[in-house]
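Reader: I would like to learn how to read a structure of this kind, feature by feature. Could you take me through it slowly?

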Amino acid sequence: MTSSQDLTSLTVAELGDRIRSKQASPVEVAQAFVARADALEPKLGVFVTRSTEQALVAAKQAEAEIAAGDYKGPMHGIPVGVKDIYWTKGVRTTSGSKVYANFVPNRDSTAVARLREAGAYSIGKTGTVEFAFDPTGRNAHYGMPKNPWRLDCMPGGSSSGSGAGTAAGLFPISLGTDTGGSIRIPSALCGLTGIKPTFGLTSRFGVTPLSWSFDTVGPMARSAEDAAIALNVLAGYDPEDPGSIYSEKVDYTKGLDGGIRGLRIGVPKEYVWDVIDPEMEAAFWKAMADLEELGAIVEEISLPELDWVPAIAAAMTTVEAATVYGDLARNRGEDLDSSVLRRVQSGFFVSAETYMQAARARVLFSRRMNAAFGSIDLMATPTVAMPAPPHNAERVLVGGVDTAVREALLRDTRVFNVSRLPAVAMPTGFSSNGLPLSMQIAAPAFKDALALRAAHAYQQVTAWHRARPVI
Amino acid sequence: MPEISNEAFAAWAESVGAKGDQAHLEQLRDEVQGMMGRLAHLDDIDVSEVAPEDASLRHDGGVA
């Protein structure tokens with residue numbers, strides 16, 4: 001028998017093993033996570049809407065199915081935190097906005113539907129920045145979840161509740177979305193493993209849009225193995241998402257133990273190091289040494305085009321967001337978070353010519369990235385420039401450089417949004433004040449399994465991903 | 001990039017439909033000014049090897 005607290009500290013793979021072998025029942029698992037959420041939610045503010053009753057019904061159903069011999073796989077009976085921009089049938093989806101406070105979808109997003117088919121269920125809708133348009137986690141309407149490692153620090157965003165809740169053990173895995181880093185930033189700040197898949201690999205149908213040429217759906221987990229388990233469920237062509245791309249079915253867990261001997265990992269020598277916290281940098285190079293110990297070949301690469309990324313991302317995301325939310329900003333601006341309103345309005349000032357210049361530069365940048373991957377297998381950088389800043393910080397000193405918090409959080413993650421490549425964020429240690437540090441490993445398009453394999457190899461020789469916050 | 005006066009920005013904002021009280025517009029002006037500074041770097045990128053028609057999202061999501 002496993003205690004309730006033990007269950008909430010396990011990974012999906014471990015929970016799945018216990019459920020499959022009947023050492024733990026889905027109802028016990030659900031009750032353990034519900035009890036932990038009951039105890040910690042008042043302190044953390046992870047959820048916008050909890051779905052306790054529905055979760056317990058789903059857990060009972062999973063228990064009955066498994067008892068009848070219909071075991072569906074490692075997600076069967078697993079509670080999932082669902083970012084509140086995913087449609088959930090019959091459960092309100094606010095998108096972090098007052099405007100949609102009472103919107104109740106009549107069907108599930110594809111991602112949620114696929115999780116349900118795999119036997120998983122939503123335990124609640126997690127906090128998000130309004131329309132997922134900020135990397136800090138702030139939300140004027142529903143509040144900002146607390147970072148479970150230090151309650152006075154921001155959890156990162158925009159998938160703030162998914163990050164804080166997974167790290168705190170309110171659920172073992174969650175759904176996030178990543179337009180400029182919104183899966184990887186809270187993963188980094190909360191000590192999680194999160195993957196932004198290749199653009200088009202996972203369906204955005206039923207997910208509130210922000211910037212259609214960047215938006216990506218993916219899991220936030222406690223290990224690379226868990227991220228692979230979830231990606232097995234989430235990946236796959238969906239005709240309801242115009243950005244969805246057909247690709248061969250891949251088992252993302254199959255090659256996880258393949259190791260990384262002989263793989264070449266490129267580390268850009270430009271851009272990333274202009275704004276970097278010394279402890280984040282030291283942990284990154286220690287991680288590179290760990291990967292070399294495993295047989296990887298770490299080498300510096302030159303990518304001066306990385307300097308283009310902030311301009312390309314700013315031009316395109318603001319215009320696309322203004323296209324999506326322009327009417328709302330013009331007609332109901334007073335109902336929006338004023339900082340989100342300003343960001344949407346900023347897109348009104350960018351000309352079509354500038355947008356197209358950015359789009360052409362983006363193609364050029366992607367070609368340069370693809371060329372770089374001609375001589376390396378993977379690329380690695382710190383995920384973010386610094387550990388979680390104080391919850392109210394607007395500017396921070398990062399390695400002696402005065403930087404806006406938003407820029408410090410976004411500058412490294414959006415490299416892989418602009419290039420649409422898969423990138424896995426994972427913990428690499430802790431700062432002297434107890435905050436998680438993180439790196440990201442990226443791979444060529446549709447080589448998501450390779451990035452996960454490298455992350456898994458790293459997690460076989462380190463224990464950072466196993467650390468749990470004391471709350 | 002030269003600083004935009006409050007009056008000039010207010011006129012620009014009105015022309016594109018960006019509304020708000022004076023404090024909001026002042027913050028928006030700072031944000032837009034900062035963004036325009038960043039976007040100016042785009043003019044330094046020689047994109048001539050990418051035809052405009054290759055710059056849109058391809059159906060297969062790939063990069064031309």
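Reader: How many helices and strands are there in chain A?

Author: Helices (H or I, at least four residues) and strands (E, at least two) are DSSP runs, numbered from the N terminus; chain A has 15 helices and 13 strands. This is a predicted model, in which local features need pLDDT of at least 70 and side-chain atom pairs count only at pLDDT 80 or more, while totals for chains, interfaces and linings use all residues. Residues are numbered from 1 along each chain as its sequence is written, and chains are lettered from A in the order in which they are written.

Reader: What confidence does the predictor give?

Author: The pLDDT is the predictor's confidence in each residue, from 0 to 100; chain B has a mean of 87, with 86% of its residues at 70 or more. For the complex, the predictor gives an ipTM of 0.93 and a pTM of 0.97.

Reader: What share of chain A is buried?

Author: A residue is buried if 20 or more other C-beta atoms, placed from the backbone, lie within 10 Å of its own, exposed if 12 or fewer, and partly exposed in between. By that rule, 64% of the 471 residues in chain A are buried.

Reader: Which residues touch the most other members of the largest nonpolar core?

Author: A nonpolar core is a set of buried Ala, Val, Leu, Ile, Met, Phe, Trp, Tyr and Cys residues joined through C-beta atoms within 7 Å. The largest one holds 166 residues, and those touching the most other members are A:I312, A:A315, A:L378, A:V424, A:A451 and A:L452. Its largest share, 12 residues, comes from α10(A).

Reader: Why is α11(A) described as largely enclosed?

Author: Seven of the nine residues of α11(A) are buried, so the rest of the structure largely encloses this helix. The buried residues are A:V340, A:L341, A:R342, A:R343, A:V344, A:Q345 and A:S346, and what covers them includes α10 of chain A together with α2 (22–39) of chain B.

How values were computed
Two residues are in contact if their C-beta atoms, placed from the backbone, lie within 7 Å.
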